[in-house]
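Dear colleague,

Here is the structure I said I would pass on. My notes on it follow below.

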Amino acid sequence: MLGPGQTINVLVTTDQPIGKYSMAMGAYMSAKGVQFQNISAIAYFQYLGAVPSSIALPAQLPSFNDNLAVKTVMDGLRSLNPVNVPKEIDTNLFYTIGLNVQKCRSKTPKNNCQATNNGVMAASMNNISFIKPNISLLEAYYKKINGYYTEDFPDVPLKFYDFVNGAPNNIPNDTQALNGTRTKVLEYGTRVQLILQDTGIVSTENHPIHLHGYSFYVVGYGTGNYDPQTADFNLVDPPYMNTIGVPVGGWAAIRFVADNPGVWFMHCHLEIHLSWGLSMVFIVKNGHGELETLPHPPADLPQC
């Protein structure tokens with residue numbers, strides 16, 4: 001199970017009879033009612049000595065919306081050996097992710113407002129839709145240029161409700177997203193636990209969330225709303241990743257140590273969701289000494 005831009009190392013033992021074996025890849029689509037290209041890609045794994053005319057049996061693929069197959073793959077992912085997962089946590093974060101419908105403010109609503117209730121599509125984290133600034137946030141942070149971002153991205157959602165099953169864009173759960181270029185500031189060396197919670201505001205969906213500048217341990221995941229009393233974590237040999245497909249209608253828990261100073265984008269790797277604002281930014285402050293400090297920009301850095 002690979003999200004867009006995600007990589008996994010796979011170890012294959014070639015112990016089968018000499019021949020040609022097919023490998024196939026199919027689309028996974030967890031959202032409902034969305035058009036996509038359900039076309040398989042096929043390649044061949046051919047042993048030396050196999051005749052070119054060897055017949056390869058077709059690889060059996062699950063159906064395009066088989067959530068159980070995705071969970072089965074995730075259940076099997078482990079690090080090769082026990083790893084040094086942060087056990088003590090300094091900062092606990094809880095971020096909801098998903099789609100929104102905003103009020104239409106276009107002068108040509110028939111062309112631009114085709115979403116539910118004649119709205120426009122948006123996406124958000126903690127119900128805040130990210131607005132891209134017109135200069136580099138890293139440059140603004142490094143040069144202390146004010147006015148392009150704020151440091152008030154919330155640690156938890158502004159409102160709590162039944163995220164998966166009861167979140168329409170209307171009262172009492174008015175989930176029309178706020179807009180802003182908000183960042184979360186972390187001290188150097190902070191041990192972070194982040195819960196990523198899928199929402200059903202428009203539709204539940206598997207969202208591949210990617211964090212720049214870091215890999216992280218995926219210590220747990222599940223379906224429904226996250227419940228710390230029942231969540232089952234693997235703190236021995238969890239997989240080490242930089243992109244996690246948050247389960248459709250569920251949640252994923254990641255842990256990392258903020259030891260790479262700078263300005264780091266976290267976003268959904270589905271490009272349309274990214275363009276709609278499903279992203280946020282971490283600022284990791286400098287530690288002590290040269291190796292814990294954001295380096296100077298190069299002398300030939302192109303100017304914005």
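The model is a predicted one. Its largest nonpolar core has 33 residues. Those with the most contacts inside that core are Tyr95, Leu196, Ile209, Ile244, Met266 and Phe282. For Leu196, setting aside neighbours within four places in sequence, the contacts are Tyr95, Ile97, Ile209, Ile244, Val246, Gly250, Trp251, Ala252 and Met266. There is also a second, separate core of twelve residues, with Tyr161, Ala167, Ile201 and Val219 among them.

Val10 lies in the segment before β1 (20-25). Is Val10 buried or exposed? Val10 has a relative accessible area of 65%, so this residue counts as exposed, the cut-off being over 50%.

As for annotation, an unreviewed UniProt entry places the feature "domain: Plastocyanin-like" at residues 2-49 and 168-287. Residues 2-49 are 0% helix and 25% strand, with the end C-alpha atoms 32 Å apart.

Some values for the whole protein chain:

- Four helices and 15 strands make up the secondary structure.
- The C-alpha trace spans about 65 × 55 × 50 Å along its principal axes.
- Of the 304 residues, 42% are buried.
- Of the contacts between residues at least 6 apart in sequence, 79% join residues at least 24 apart.
- The accessible surface is about 17,700 Å², and carbon and sulfur atoms account for 54% of that surface.

Regards

Note on methods. Residues numbered from 1 in each chain as written. Predicted model: local features only at pLDDT ≥ 70, side-chain atom pairs only at ≥ 80, totals over all residues. Heavy atoms only, no water. Core = buried A, V, L, I, M, F, W, Y, C linked by side-chain atoms within 4.5 Å. Buried < 20%, exposed > 50% of the residue type's maximum accessible area, 1.4 Å probe, protein only. Contact = heavy atoms within 4.5 Å. Helix = DSSP H or I, 4+ residues; strand = E, 2+ residues; numbered from the N terminus. UniProt positions renumbered as here; feature names shortened; annotations may be inferred. Areas by Shrake-Rupley, 256 points an atom, 1.4 Å probe, with all protein chains shown as cover.
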